[in-house]
Amino acid sequence: MTAPTARTAPTATSRRAHPAAPRPASAGGPTLLRAVAAEWTRLTSLRSSWWAAALTVVVSAVLTYLSAQASSVDPGFDPLGSLSSGLLLAQVPPLVLGVLVGTGEYSTGTFRTTFVAEPRRWPVLVGQTAATAAFALLTAVVAVAAAVLALLPSARSRDLALDLGGDGTPQVLVGMTLLLAGMALLGLAIGALVRRPVPAVTAAVLVVLVLPVALVLAADLSGDPLAAPAGVSSAQAAVNTVVTFLPTGAASLLTGEGAVEGAPDLGAVGGGLVLAAWVVVPLALAAVRLRARDVV
């Protein structure tokens, strides 16, 4: 009968014999690129995103077609004059989509899981901004192309050719594209700041659609409707100046409509800067709130 052999403790040499495999760099923590990819996947996996994109394209095409058809009976008909006629309503779906992206994490409660995975928080907002900008830009390009195609029936009925390369048309095309993409980012900025879908949508619609009309109506009511027109009144000039610095005024400047009477003519570049400011300021405030306050 042999004595049992004693179990020897592992030596340092034996422990070093099988070192742990090095951790690949790709297995590290969350990165900005991963945050963008995650938000892009989240955005494109929602049916509401595709519905908003489809609605933007359809509204742009239908309203442009109807406007061109109605104007085609005029003697001096220019089909390109109706190119931006669908923007007023076509900008609403991207605006609402941006709000839904900005408030989605908070309305569903998934922000808790998201911010546990990414404690720094700000890369999530950057990822949402990048993904929304890319998706909105693609949608805007298709919507503007649809508006151009919608002009063809009326142009052909008058044997007119569409000259997309002259008379300021390239500026209009680029301005329309930037405006639609900018509206999605504006909605995202307001949604990320407010964090509640209904108040955020209400605020976005008020700023973009209601406030300019209310200011113009107030200026008209403040004057004497029976008085003979004698230029622009000081009240009207003040209102026009305020409207110029709203998203609506930026839209007019971007699409080549020019400044209204009594307001500064900022040009297309100035209109783009105004729209960019409306996006950057609430996004910056949302980032500060995200870092400085509890997520509730």
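This is a predicted model: local features need pLDDT of at least 70, side-chain atom pairs count only at pLDDT 80 or more; totals for chains, interfaces and linings use all residues.
## Overall make-up

The chain has 296 residues, and 38% of them count as buried. Its secondary structure consists of 13 helices and zero strands.

Contacts in the chain can be sorted by how far apart the partners lie in sequence. Among those between residues at least 6 apart, 75% join residues at least 24 apart.

## Helices α3 and α7

Two packed helices are described by the angle between their axes and the distance between the axes. For α3 and α7, the axes come within 8 Å and cross at roughly 25°. Angles under 35 degrees count as roughly parallel, so α3 is roughly parallel to α7. The crossing of these two helices is right-handed.

On the α3 side, the contact is made by Ser49, Trp50, Ala53, Thr56, Val57, Ser60, Ala61, Thr64 and Tyr65. These meet Phe135, Thr139, Val142, Ala143, Ala146, Ala147 and Ala150 of α7. By residue class, the contact of α3 with α7 divides into eleven nonpolar, five polar and no charged residues.

Thr139 belongs to helix α7. Its relative accessibility is 12%, and because buried means under 20%, Thr139 counts as buried. Which residues does Thr139 contact, leaving aside its neighbours within four places in sequence? The partners are Ala53, Thr56 and Val57. Ala53, Thr56 and Val57 are also among the α3 residues listed in the contact of α3 with α7.

## Aromatic residues

The count of aromatic pairs comes to two. In one of them, the rings of Trp50 and Phe135 have their centres 5.2 Å apart and their planes at 75°. Planes over 60 degrees apart count as edge-to-face, so the pair of Trp50 and Phe135 is edge-to-face. Trp50 lies in helix α3 (residues 47-71) and Phe135 in helix α7 (residues 122-150), so this pair ties together parts that are 85 residues apart in sequence.

Are the two members of this pair buried or exposed? Trp50 is partly exposed, at a relative accessible area of 48%, while Phe135 is buried, at 3%. Trp50 and Phe135 also belong to one aromatic cluster with Trp40.

## Helices α9 and α12

Helix α9 (residues 169-194) packs with helix α12 (residues 247-254) at an angle of about 155°, and their axes are 8 Å apart. Angles over 145 degrees count as roughly antiparallel, and α9 and α12 are therefore roughly antiparallel to each other. Their crossing is right-handed.

From α9, the residues in contact are Gln171, Gly175, Leu179, Met183 and Leu186. From α12, they are Pro247, Ala251, Leu253 and Leu254. The residues of this contact comprise seven nonpolar, two polar and no charged.

## Ala277 and Pro247

Ala277 is located in helix α13 (residues 267-292). With a relative accessible area of 38%, Ala277 is partly exposed. Ala277 and Pro247 are 30 residues apart in sequence, and their C-alpha atoms are 9.6 Å apart in space. Pro247 is one of the α12 residues in the contact with α9.

Asp159 has a phi near 55°, a positive value in a residue other than glycine. Asp159 is placed in the loop between α8 (152-157) and α9. Its relative accessibility of 72% makes Asp159 exposed.

Arg195 also is not a glycine, yet its phi is positive, at about 75°. Arg195 sits in the loop between α9 and α10 (197-222). Is Arg195 buried or exposed? With a relative accessible area of 0%, Arg195 is buried, whereas Asp159 counts as exposed.

Note on methods:
Residues are numbered from 1 along each chain as its sequence is written. Side-chain values use heavy atoms; hydrogens and water are left out. Axes are lines fitted to C-alpha atoms, for helices over the stretch in contact, and angles run from 0 to 180 degrees between N-to-C directions. Helices (H or I, at least four residues) and strands (E, at least two) are DSSP runs, numbered from the N terminus. Angles under 35 degrees count as roughly parallel, over 145 as roughly antiparallel, 65 to 115 as roughly perpendicular and the rest as oblique. A crossing is left-handed if the near helix is turned anticlockwise from the far one by less than a right angle, and right-handed if clockwise. Contact means heavy atoms within 4.5 Å. Ala, Val, Leu, Ile, Met, Phe, Trp, Tyr, Cys and Pro count as nonpolar, Asp, Glu, Lys and Arg as charged, and the others, Gly among them, as polar. Buried means under 20% relative accessible area, exposed over 50%, partly exposed in between (1.4 Å probe, protein chains only). Rings of Phe, Tyr and Trp (its six-membered ring) pair if their centres lie within 6.5 Å; planes under 30 degrees apart count as stacked, over 60 as edge-to-face and the rest as tilted.
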